Structures are given as structure tokens and as C-alpha cells.
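Reader: Could you take me through a few local features of this model?
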2 protein chains.
Amino acid sequence: MSVLVDGLQYANWSEEIFRQMRAGDVDAVHVTITYHETFRETVLQIERWNRWFEAHPDLIFQGRSGADVALARETGRTAIFFGAQNPSCIEDDIGLVEILHTLGLRFMQLTYNNQSLLASGCYEEDDTGLTRMGRAVVAEMNRVGLVVDMSHSGERSTREAIEHSTRPIAITHANPSSWHAALRNKPDGLLRALGESGGMLGLSVYPHHLRDGSACTLGAWCDMAARAVDLVGPEGVGIGTDLCQDQPDSIVEWMRVGRWTKAMDFGEGSAAAPGFPPMPQWFNDNRDFGRIRDGLRQTGMDPATIDGVMGGNWRAFFEKSFGPQSAAPVLRQRAAE
Amino acid sequence: MSVLVDGLQYANWSEEIFRQMRAGDVDAVHVTITYHETFRETVLQIERWNRWFEAHPDLIFQGRSGADVALARETGRTAIFFGAQNPSCIEDDIGLVEILHTLGLRFMQLTYNNQSLLASGCYEEDDTGLTRMGRAVVAEMNRVGLVVDMSHSGERSTREAIEHSTRPIAITHANPSSWHAALRNKPDGLLRALGESGGMLGLSVYPHHLRDGSACTLGAWCDMAARAVDLVGPEGVGIGTDLCQDQPDSIVEWMRVGRWTKAMDFGEGSAAAPGFPPMPQWFNDNRDFGRIRDGLRQTGMDPATIDGVMGGNWRAFFEKSFGPQSAAPVLRQRAAE
């Protein structure tokens, strides 16, 4: 069964968007639920999702395991997997890793552009790698099945996460910096190391990560995807559109500035263009994944690899990543029932 | 299969106590994890339990469904089910009902002696029944599978909870006030209504709930149990020892005073005896349930009823109470997999 999975979205969620997911046959989406929010504020975001799950059980449900991707396909719904783009949600408390995993969190970035308690972000001048707490938290994330996501982290931190983590990590939404030089994109050597470790790269459609920005053509993006497959491996590449559909510009300001500065920080934008950039004309919402699939075919990519990139690789990654790392025999007995 | 279930304990948990649970063949315990704690403080208590579950997987595990009682028996461990003795943990946010249920909370008292946002406690002069929020929260508890516990509530509030709740409620730890007059015990008419609604009464061994207090004999307690079976019905009575083993007296002060007053409140105690009362000599820890079983036999209670009181009734109640109230067809399909 070929499945369709998006490795990252942060939309201004609505019934309309959920219906577009169904119209686009999207089986699963990793959704960002929190950036700089505290634990309690993150729980409020989960409460919002619980209301949506209750209101739209025919369209969406909360995904918890890799098997939920197939369940979504079988029942004609979209499985929603929670993720955090910054570790603010665990505050300074490693015990919140398991708590948030129990509440359904399946991805957590160790940093969002800046230095965090765990690692260095891609916008810091000095990347000092994983902190003492960072190493402890990665081990705890490994134990419970919460995926380390290094999309917004610095190069050294990302490399150390790959090395220190005993389970494959993910870069859910970024592209090779050899294709488009941006602090948020990743160098080829790092992407090779990611692939060798069994990790996943989700290719971004967010204009700041694209050569020629919003004017990037579908053909150019798909050629980049083919090159990423060469770098990371055919089982290590998926899609992570970074779709921020229907969001007001106040949200991109929150993403960039949070509460860490009283000044304005434009992130990947600029004073002249502070808001969300317009998406490439070939990808505006969840109904447009068919265009990407067609574009990948045009590159001559083989059908099995296309199925993997469009969702099969994320599904396999979900299956190996979201459960506890090692279960005692008595617990295995439970799982077998 | 005959199982052994305790409907309420709040001990100063330790490996020693967990080993006593195993020595006593206790299959499941409803443990109090929170009184006046906020949501965040309650999460800290769950974090403490997560550490115990991780440290002692051969002794205990977190119970989530009625089936976990049988699993506990089969794997030689004790299933730990979480409960709250006051709704402080949901603050003023109904969305926290589902959040806490996801984290494993299976019982919540609507009040602890005092007026809460939801209902009136048994120590208030005026019992005004369920509040507006109380009715909304009971409906939400019904929806997700969080049991309404009225052990410390006033009579009118308890009656209204029985009537308003669309699922059976519980009084996890109290005795008939016709046997021992105490504000915490319940009148016969209320206990009959509880039984008629399919609810459960857990019989307490806490001295303040006993005729003759700490000097109450096993025989007198078992006669009371037989009378409770007559009142509530043979399927509506279990045990809820209210065992507070190894707790320092600072804990009973927290239970009574919390942060709601700057004065001292002695609750069921007194200025002359402010601490935990000594337990009856026939029940000191989890290894003493056999004495209760023997005592029930002495009353002439039939073996099936004894099995029910010792745990079978709680198990059946757990099975019907902890899941979602009504599942849409597509969700039933999921559960059947």
C-alpha cells in the first residue's frame, strides 16, 4: 500500500484544511503544536486538538503509532501526529519527556534557531553541540520513543545528536544547503551521516528553503529531491512541506521572536518582507501533493523510491521510532496480547 | 479467576510497599496521586510514578483499563490506577479532564470536604449540589471514562452526581453512617441509590470511618460489610482501605488544609489527636487482605459475593468505566483491530 505522509505542517487549522487533507488523500501529517510555549501552554494546544478530534472524527484522529498510518488509509481519515519545534515545552524537567510522549508528542526539536537548554540553534554564532541536559534528554527521548528533530539546529549539534542518539533522528523540514545556501538547510556531509544512521530528511517547500524562493519551479524542486535521495539514501527521504497555511503574520513573528527578545528578529525574512512568504504556485495546500508525485516521475525516479518519498519512508520511520526503546520480557508479553 | 483489588490507598510509596503488595497478592490498587495540587503539580506526581514504574517493572505497572487487572494477575505484578481526591488538578479548565485521563487518571473526586468549583464537600454547612461547571465536568468525565468519586462530598452533591452522571459513579472509600455516624460516611438511602445506579462503594478501614475507631474489631467490620452488601447489592461493594501507610503527619495536614486556609483544620482528627490515627491491629499493610477475606467468611457471606467484594466487583466496574462512553463506528472498527 502506498501512503501519503507530510513530515511537517503548521497551519491555522480548520475544518476546511482537514477536508483538504481528505481531498488530497493525505494519510498522516506531523503537525507542530508548540514553539516557545511552556508545558502548560503546550497542554492548552493539545486541548485545542482534542476539540478538533472530537468535532471531526470522520476526518482526523490522533496518531500514536506507525500502524495508525495504515489505519488512517483504511478508515479514510488523516492521522495527526504531534510535534514540538522547540524544547520549551519540557521546561527544565526531563520528566516531561515521558509525560508529553504519553500525551502523544512524537517529535521534538532540540532547538529552534537559538541556543536552548539542550543544544545550539542554526542562528547562533557558536554551536557548542549537545549540552549536559541535551545528552540526558536525548537518552530519555530514545527510551520513550520521542523522535529527535534537528531541523532548526546548528551543524555540530545536529551531528552530535546523530552520534549520541541510539535511535535514528529526523530533520523533518529542510533541504540540502548545497542546493540553496541557507542557515536552515543542511550540508551534504551531514545529510550523508543522517542517512547512514537510519535517519530521515523531510524536504521542505517553504520558500526560504528553496532556490529562487517562491519562484522555485516544481522541476527544480524535484531535481533537488532526486539529489537528496542520492545523498541520504532512497529510504531516508520524505516530504516535510512546512506548510503554514492560512496563518496570519503574527504567527511567524511568534515563531521567530517568542519571548526571548524585546527586539524584532526577522529570522529568514527581512524588515522589507517580514511576513510569511508566498508559497510556490505549485504547492498551496494538501490537495497539491499529486503535483509533487508527478514531478518526481518526470525526474525518472523509480516508482518504489517515489512511493517511499511520498510517505512510505515516513511510515517505516514512524513504526520503528514511536514505541519504547526496549521492553522487559514481561512488557513484551503485554504487547503481544 | 478471583482477583484482589483495593479501591483506595495513599501511602508513602516505596519499594518495600510494592513488595508488600506482591506478598499480599494484590492485583490492583487505585492510588491517590493528588489532593490540592495544581495541574502542573499533579503532573510532577505522575512523573514520580513514572520513575517507580521504570525502576520496578517486575512489581508494578500503570493500569489503564479493566483488562489490566487480569494482566497483573497473569504477570505477577500490581496494576496501579491513578486517582485525584479533589478537582484542583483540572483547575478551572474542563479540557484538563481529557488530558489527565490520557495521562492515566481514572478517578476524580468532585470535592474534598470543602466546596469546590464542581460540588459541595461533606464538611460545608450548606450543600448546594452540583455547580454549573460540575454538571459540565461530570458530562466530560462520562465521555472520556474518568470515574466520578464522591467519597468526601456532601449528601445532596452525591445524590445529584448519581442522578446527573450517565455512567455509574463510585464512593471509593467510606462506610455506612448508620453503622458509624461520621460526616465522611454515607446514609443508607444514598447507598441504596448508589447501588441501584450500578455504582460502587469501597469500604474503608481508616479508623475515623470505623465504629470504635482504631479499636474496631475485624468481626465488627465484616458484619458492617455484610450489611453494606445488603444495602448496595452484592455487585456494588468492594474495598477501599484508605491505607496511608508510612506517611508523616505533615501529609494529613496537607490533605486537610492544603492552601485553602491559613488556620489549622483538624478534619476528622482533633487538636488532641492531629495526626494519622493508628490502623486497626488486623490491617496494617497490603499483606493483611487475607484476614479480611477470612473475616467475611465468618459472617456466612457466600463465596461468590466474597470474591466480588475482594476485587471482582472493582474489576467489573473498571471494565465498564475507563473507556470512552460511546465510540463512533469508525472508532469501534479501530478498537476491534
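This is a predicted model: local features need pLDDT of at least 70, side-chain atom pairs count only at pLDDT 80 or more; totals for chains, interfaces and linings use all residues.

Reader: At what angle do the axes of helix 4 and helix 5 of chain A cross?
Author: The axes of helix 4 (residues 95-102) and helix 5 (residues 132-144) of chain A cross at roughly 30 degrees and come within 9 Å. That makes the two helices roughly parallel (an angle under 35 degrees).

Reader: Which residues meet there?
Author: Val97(A), Glu98(A) and His101(A) of helix 4 meet Val137(A), Glu140(A), Met141(A) and Val144(A) of helix 5.

Reader: Moving on, where is Glu91(A)?
Author: Glu91(A) lies in the loop between strand 4 (78-84) and helix 4 of chain A.

Reader: Why is Glu91(A) called partly exposed?
Author: Because 15 other C-beta atoms lie within 10 Å of Glu91(A); 12 or fewer would be exposed and 20 or more buried, with C-beta atoms placed from the backbone.

Reader: And how far is Glu91(A) from Thr38(A) in space?
Author: The C-alpha atoms of Glu91(A) and Thr38(A) are 6.5 Å apart, although the residues are 53 apart in sequence.

Reader: Which residues are buried in helix 9 of chain B?
Author: In helix 9 (residues 249-257) of chain B, Val252(B), Met255(B) and Arg256(B) are buried. Seen down the helix axis, these buried residues fall within an arc of 90 degrees, so they line one face of the helix.

How values were computed:
Residues are numbered from 1 along each chain as its sequence is written. Chains are lettered from A and ligands numbered from 1 in the order in which they are written. Axes are lines fitted to C-alpha atoms, for helices over the stretch in contact, and angles run from 0 to 180 degrees between N-to-C directions. Helices (H or I, at least four residues) and strands (E, at least two) are DSSP runs, numbered from the N terminus. Angles under 35 degrees count as roughly parallel, over 145 as roughly antiparallel, 65 to 115 as roughly perpendicular and the rest as oblique. Two residues are in contact if their C-beta atoms, placed from the backbone, lie within 7 Å. The arc is that of the directions from the helix axis to the C-beta atoms.
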